[in-house]
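This report describes the fold of a single chain and the surroundings of several of its residues. Please keep the sequence and the model in view while reading.

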Amino acid sequence: MTAETITPPQPMTAERPIGPALSRGWRRRCPACGKGKLLTGYLKVADHCPACGAEMFHQRADDGPAYLTILLVGHIMAGVLVGHIMAVALHIVWSAFRPAPIVMALTFSIGVVLLALYLLPRIKGAFIGLQWSRKMHGFSDKLPD
């Protein structure tokens with residue numbers, strides 16, 4: 001027997017790139033392989049990736065995605081993040097069409113709800129991708145084959 005066969009295998013310390021993990025999470029795919037679905041429902045996370053078998057039950061996204069979604073939607077709709085585009089959009093809609101205030105409020109309110117519903121699962125996936133890439137909350141050093 002040689003010394004190589006006696007020494008236990010060392011844990012894999014390869015860095016997990018954060019960019020692809022965030023991108024895969026945003027697309028609601030497994031951050032490890034990018035093929036399997038990360039979410040089994042609207043926000044329910046799969047315990048394991050159906051494609052590569054990576055464990056996903058370690059994730060602890062909790063309230064982070066909801067807070068970030070509210071922050072982003074609030075700033076987008078207030079026009080802060082996009083250079084007052086929302087204020088300009090409100091002005092153009094009001095000037096061109098003169099809708100009743102209730103119609104305009106309902107239309108933009110529906111836009112806010114739809115934007116929040118679109119962003120929430122994607123932000124949750126990105127949070128899980130971040131946790132996986134940084135090996136947080138029990139995501140092991142073991143990479144799937």
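**Basis of the description**

The model is predicted, and local features are reported at a pLDDT of at least 70, side-chain atom pairs only at pLDDT 80 or more, while totals for chains, interfaces and linings use all residues. Residues are numbered from 1 along each chain as its sequence is written, and side-chain values use heavy atoms, with hydrogens and water left out.

**Overall make-up**

The chain contains five helices and zero strands, where helices (H or I, at least four residues) and strands (E, at least two) are DSSP runs numbered from the N terminus. Read from the N terminus, the order of elements is α-α-α-α-α. Of the 145 residues in the chain, 28% are buried; here buried means under 20% relative accessible area, exposed over 50%, and partly exposed in between, with a 1.4 Å probe and protein chains only. The chain exposes about 9,300 Å², of which carbon and sulfur atoms supply 67%; this area comes from the Shrake-Rupley method with a 1.4 Å probe, and for residues only the protein chains shown count as cover. Among contacts with a separation of 6 or more, 56% join residues 24 or more positions apart, a contact being heavy atoms within 4.5 Å.

**Helix 2 against helix 5**

How does helix 2 run relative to helix 5, and what is the angle at which they cross? The axes of helix 2 (residues 18-26) and helix 5 (residues 101-133) come within 7 Å and cross at roughly 150°. Helix 2 is therefore roughly antiparallel to helix 5. Axes are lines fitted to C-alpha atoms, for helices over the stretch in contact, and angles run from 0 to 180 degrees between N-to-C directions. Angles under 35 degrees count as roughly parallel, over 145 as roughly antiparallel, 65 to 115 as roughly perpendicular and the rest as oblique.

On the helix 2 side, the residues in contact are Ile18, Ala21, Leu22, Gly25 and Trp26. Their partners in helix 5 include Leu119, Ile123, Ala126, Leu130 and Trp132. By class, this contact of helix 2 with helix 5 has nine nonpolar, four polar and one charged residues. In this scheme Ala, Val, Leu, Ile, Met, Phe, Trp, Tyr, Cys and Pro count as nonpolar, Asp, Glu, Lys and Arg as charged, and the others, Gly among them, as polar.

**Helix 3 against helix 5**

Helix 3 (residues 64-78) also meets helix 5, with axes that come within 8 Å and cross at roughly 140°. Helix 3 and helix 5 are therefore oblique to each other, and their crossing is right-handed. Helix 3 contributes Gly64, Pro65, Ala66, Leu68, Thr69, Leu72, Val73, Ile76 and Met77 to the contact, and helix 5 contributes residues including Phe108, Val112, Leu115 and Phe127. The contact of helix 3 with helix 5 has 15 nonpolar, two polar and one charged residues.

Thr69, in helix 3, is buried, with a relative accessible area of 4%. Apart from neighbours within four places in sequence, Thr69 is in contact with Ala116, Leu119, Leu120 and Ile123.

Arg28 lies in the loop between helix 2 and helix 3, and Arg98 in the loop between helix 4 (85-97) and helix 5.

Not counting residues up to four places away in sequence, Pro31 touches Ala21, Arg24, Leu38, Met56, Ile128, Gly129 and Trp132. Its C-alpha atom is separated by 9.0 Å from that of Ala54, 23 residues apart along the chain.

Lys35 lies in the loop between helix 2 and helix 3 and counts as exposed at 63% relative accessibility. Leaving aside neighbours within four places in sequence, Lys35 is in contact with Arg29 and Ala51.

Gln131 is found in helix 5 and is buried at 4% relative accessibility. Beyond its neighbours within four places in sequence, Gln131 is in contact with Gln59, Arg60, Ala61, Met136, His137 and Phe139.

Key: A crossing is left-handed if the near helix is turned anticlockwise from the far one by less than a right angle, and right-handed if clockwise.
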